[in-house]
Amino acid sequence: MNRRQMITLSGASIAGALGAGRLYAAPASGPRFLLVFLRGGYDATNLLIPYSSSYYYEARPSLAIARPDPAAPAGALALDADWALAPAVRDTIGALYQQRQVAFVPFAGTDDLTRSHFETQDSIELGQPLNSARNYRSGFLARLSDTLVGAPAIAFTDALPLAFQGSTPVPNQSLRNVGKPPFDDRQAHILTDMYSGHHLQPAISSGLELRAEVAQAMADEMNGANRDAIAPKGFELEAARMARLMREQYRVGFIDVGGWDTHVNEGAAQGTLASNLSSLGRGLATFAQALGPEWQNTVVVVLSEFGRTFRENGDHGTDHGHGSVYWVLGGAISGGRVAGERQRLERGSLFQDRDYPVLNDYRAVLGGLFRTLWALRPDQSERIFPQSEPADLQLI
């Protein structure tokens, strides 16, 4: 079995998997952790807006989101003198932020410079040093699960993710796929019939075929980047069910959400990215509410394999980048702030003159959260993230 031939468990086989290997009864109350992996490389720059940067508006003539304006209550939400939150999540994530239940860590990511969806997703899920040989049977969430006692784990995915590959069986439960096909075949047939026998028929047929070919090529890239992850709308619809399972039975969870590879027509305050962010924000707000009192014991981290280019491209989108912005949510976190090492975002400070630099290593950020959340010893932290010193961003 190779690393992508994972086993999908049905509801009936989940119980069997839980009976295998080591199983601990989860305490009625205790720490919980959910990792939300945005597959495709989301555009963090249009989530956490560096509105104090004049270069942001210069580099994104069609994608930049307007500066916060007190006269525009539905616009961007000012977080401090430098950063604002996208309007798409103002009423959901913004509301949690104002309750000090959300923090953002910009300039976050990995030193992996391949800018490949697959390579970087693997690198993050494994959590291993880049200077060592990869062990595809040892994901960092699996090592965390092996380290903890009384913290059953689950992946809310169609197949077991690389992050949970390890020696201890971890169940995965598929969520519904609510995505829609990008093209309506009926409309194409109607257009073809309309121009049947017309001198424009060859051009119409050729144009539709080309449109379908281009769409298929783009869909193939998107699907590859997504790795069969659920769509943002699907996450929104399933968030309450996930919360119920984590409230009653599981303590470590993983969910991946696709749809973030925005090379073309990304949109600004409205559009593809904004729509996805809206669904994600509503899903996270639902998850928090459905956990009830246990939200106070829960930490959620939202991350992606990499960010996107600071400048927009010629197709009104953004290309594969480097540094990103992580979200940290929870009922008892020290939120309502932008955390971690930061610098001003101007052209001269960009990595390779194109991307966010990485100033906050993801292994150090997550390692610091795990160490505090579960009071881990140094040797336990080293086992989860070898050769990485946990960073205390004082988020818990």
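This is a predicted model: local features need pLDDT of at least 70, side-chain atom pairs count only at pLDDT 80 or more; totals for chains, interfaces and linings use all residues.
**Exercise 1.** Classify the packing of helix H8 against helix H9 by angle and handedness.

*Solution.* 
- Locate the helices: H8 covers residues 232-248 and H9 covers residues 272-291.
- Take the geometry. The angle is about 15 degrees, and the axes lie 8 Å apart.
- Apply the cut-off: angles under 35 degrees count as roughly parallel, so H8 is roughly parallel to H9.
- The crossing of H8 and H9 is right-handed.
- Inspect the contact. H8 contributes residues including Phe 235, Met 242 and Met 246, while H9 contributes residues including Leu 280, Leu 284 and Phe 287.
- Sort the contact residues by class: 12 are nonpolar, 4 polar and 4 charged.

**Exercise 2.** Do likewise for helix H5 and helix H10, then sort their contact residues by class.

*Solution.* 
- H5 spans residues 140-147, and H10 spans residues 362-374.
- Their axes are 13 Å apart, at an angle of about 15 degrees.
- That angle makes H5 roughly parallel to H10.
- H5 crosses H10 in a right-handed sense.
- Phe 140, Leu 141 and Leu 144 of H5 meet Leu 366, Phe 370 and Trp 374 of H10.
- The contact has 6 nonpolar residues, with no polar and no charged ones.

**Exercise 3.** Describe the second largest cavity by volume and lining.

*Solution.* 
- Start with the count: there are 2 cavities of 30 Å³ or more.
- By class, the lining has 6 nonpolar, 3 polar and 1 charged.

Definitions and conventions:
Residues are numbered from 1 along each chain as its sequence is written. Side-chain values use heavy atoms; hydrogens and water are left out. On a 1 Å grid over the protein atoms alone, a cavity is a set of points where a 1.4 Å probe fits but cannot get out, and a pocket is an open set with protein on both sides within 12 Å along at least five of seven lines; lining residues have an atom within 4 Å of a point. Grid points are joined across faces, edges and corners, and a volume is the space filled by probe spheres set on the points. Ala, Val, Leu, Ile, Met, Phe, Trp, Tyr, Cys and Pro count as nonpolar, Asp, Glu, Lys and Arg as charged, and the others, Gly among them, as polar. Axes are lines fitted to C-alpha atoms, for helices over the stretch in contact, and angles run from 0 to 180 degrees between N-to-C directions. Helices (H or I, at least four residues) and strands (E, at least two) are DSSP runs, numbered from the N terminus. Angles under 35 degrees count as roughly parallel, over 145 as roughly antiparallel, 65 to 115 as roughly perpendicular and the rest as oblique. A crossing is left-handed if the near helix is turned anticlockwise from the far one by less than a right angle, and right-handed if clockwise. Contact means heavy atoms within 4.5 Å.
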